[in-house]
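I opened the model to look up how two chains meet. My notes are below.

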Amino acid sequence: MRKLILSTAALALMSGAALAQETVRLGTEGAYPPYNYLDDNGEVAGYERELGDAICAQAELTCEWVTNDWDSIIPNLVSGNYDVIIAGMSITDERDEVIDFTEAYFPADPSAFISTSDAFDGTGEADAVLADKAFLEPIVAESGGELVFAGEDVILGDGIGIGVRESDGELKDKLNAAIAALKADGTVNTLIEKWFEGMEGPY
Amino acid sequence: MFACADPQSLEKFDWLVCYLTSGKHVLFYQSFGVVLLLLAITAPVSLAFGFLGASAARSQITPLRWFGKGYTAIVRGVPDIAFFMFFVIALDQFFEYLRHKVKCPDWDLPIRQGSDFIVCAQAKLPLSTAPQWQHETYGFSLAVLTFAIVFGAFAANVLFGAMRSVPHAQLETAEAYGFSRRQTFWRIVVPQMWIYALPGLSNLWMILIKATPLLFLLGVEDIVYWARELGAAKQARFSDYPHGDWRLYYFAALLAFYLLLTRISEIVFARITRRLSHGQATAAGEKQRKAAA
């Protein structure tokens, strides 16, 4: 068994020697419309896809999209499987201890409760769901009145930012500059208005 | 063929044809191949790991024996989910660390900075400039290795038991005829142990089939991932093929696939058992002998 591992390692050592220009790998979940989702062709799409591509163009980076399960999205960032997380991730203190965030590219989105209109008879498995309002809105809209918003909206976190490794200060600066430029020229606003119905800038 | 450009205008059957041939569905169909490929590679590699583990566990060389016993005891004891969540990242870092030592000897920054794992760009596996298919192939290989280590430990335990089940009288006879330990092992034990190992190994194979959805934890998009993704309700804003929650249909298709796979496996195992029982000092072997006589 040892031999096998060692030969795999040796093989790994030999493969790929050239160092080309740097590619930034963007990690996302691909299951949280309208922030990010997979379109009919299985490609990453949504607000963050368009914004991420705009940021990469602005910062003159070559970017590559990667999808990763939400539960292991932070461990895979810190161990270097991709370089940023752009996945509708709210900036919170707990996450900030492990990774760094750029400036927010989306305002602190209200979270909301939804529930079935007759939920409080206590027969269902869950009576209500709490998630980002922008994620829930199309679900409520297409439920034909079966689902309704319940209770007050809650503000969680400090907006949505791009997650980067704490040691990646240089990349963070580049991304921050690009986000600031795109906010200034109105691109962020246009994209928010395109993807989030009823939300208006300026942001 | 008709155009799938505007699915809303299509009739039921045409709509379904377009829907089932969308790019995402093609990825779904390919993932069946990925699962079968994983099984096809993992099974023999696990068996090899198991054989080495079992041989090590009965070795006369003490450190080797400890290694064999430690391997089976530790890997069998760790929950699969923990193994698949953390071991793979550790394995990946281990490879990158080795490469880092070789390729960037002048690097003076620490590799661990807080929770970050930093190696020089040349040591990345695969290089971050590498095309996505290389990343996917690498991820798949890590998955095979992890599965093989886990299932190898179980196989080692099965084979260890099987090696001890070969009737002892035969080993004594071999010794009496002047066989060395090595000769006894290769000519008496190994050819005959399979019939005792088969029930355990067939169990492992079935469990391996059912464990393939763990692939997604390893970053490989498998059939269960795609079934869930495709079956989830789609809203008209995000898809040309809006539909409700269809996961039940997709999971039913997976059920059929898994049942077919396990049924075929059962048939194959029944055949192998029949063949291996031939001439063995087991109940089945004895029955065959009497039937022939």
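These entries cover the interface first, then a surface patch.

I am working on a predicted model, where local features need pLDDT of at least 70, side-chain atom pairs count only at pLDDT 80 or more, and totals for chains, interfaces and linings use all residues. Residues are numbered from 1 along each chain as its sequence is written, chains are lettered from A in the order written, and side-chain values use heavy atoms, without hydrogens and water.

**Interface, chain B with chain A**

I looked up contacts (heavy atoms within 4.5 Å). I found 46 residues of chain B in contact with 47 residues of chain A.

Next I took the buried area, the accessible area (1.4 Å probe) that two parts lose on being put together, summed over both. The two chains bury about 4,100 Å² between them, and 57% of it is on carbon and sulfur atoms. B:Q235, B:R237 and B:F238 supply 16% of the area chain B buries against chain A, more than any other three residues.

I then asked which element gives the largest share of the side of chain B that touches chain A. It is helix 4 of chain B, with 9 residues. Helices here are DSSP runs (H or I, at least four residues), numbered from the N terminus.

I also checked salt bridges (a side-chain nitrogen of Lys or Arg within 4 Å of a carboxyl oxygen of Asp or Glu). The count between chain B and chain A is 0.

**Surface patch**

B:Y29 is in helix 2 of chain B. I found B:Y29 in a nonpolar surface patch with B:L16, B:L20 and B:V26. Patch members have over 30% relative accessible area and no salt bridge, with nonpolar side chains (Val, Leu, Ile, Met, Phe, Trp, Tyr) joined within 5 Å. Together the four have about 310 Å² of accessible area, by the Shrake-Rupley method with only the protein chains shown as cover.

Notes:
Helices (H or I, at least four residues) and strands (E, at least two) are DSSP runs, numbered from the N terminus. Patches are made of residues with over 30% relative accessible area and no salt bridge: like charges are joined within 9 Å, nonpolar side chains (Val, Leu, Ile, Met, Phe, Trp, Tyr) within 5 Å. Accessible areas come from the Shrake-Rupley method with a 1.4 Å probe; for residues, only the protein chains shown count as cover.
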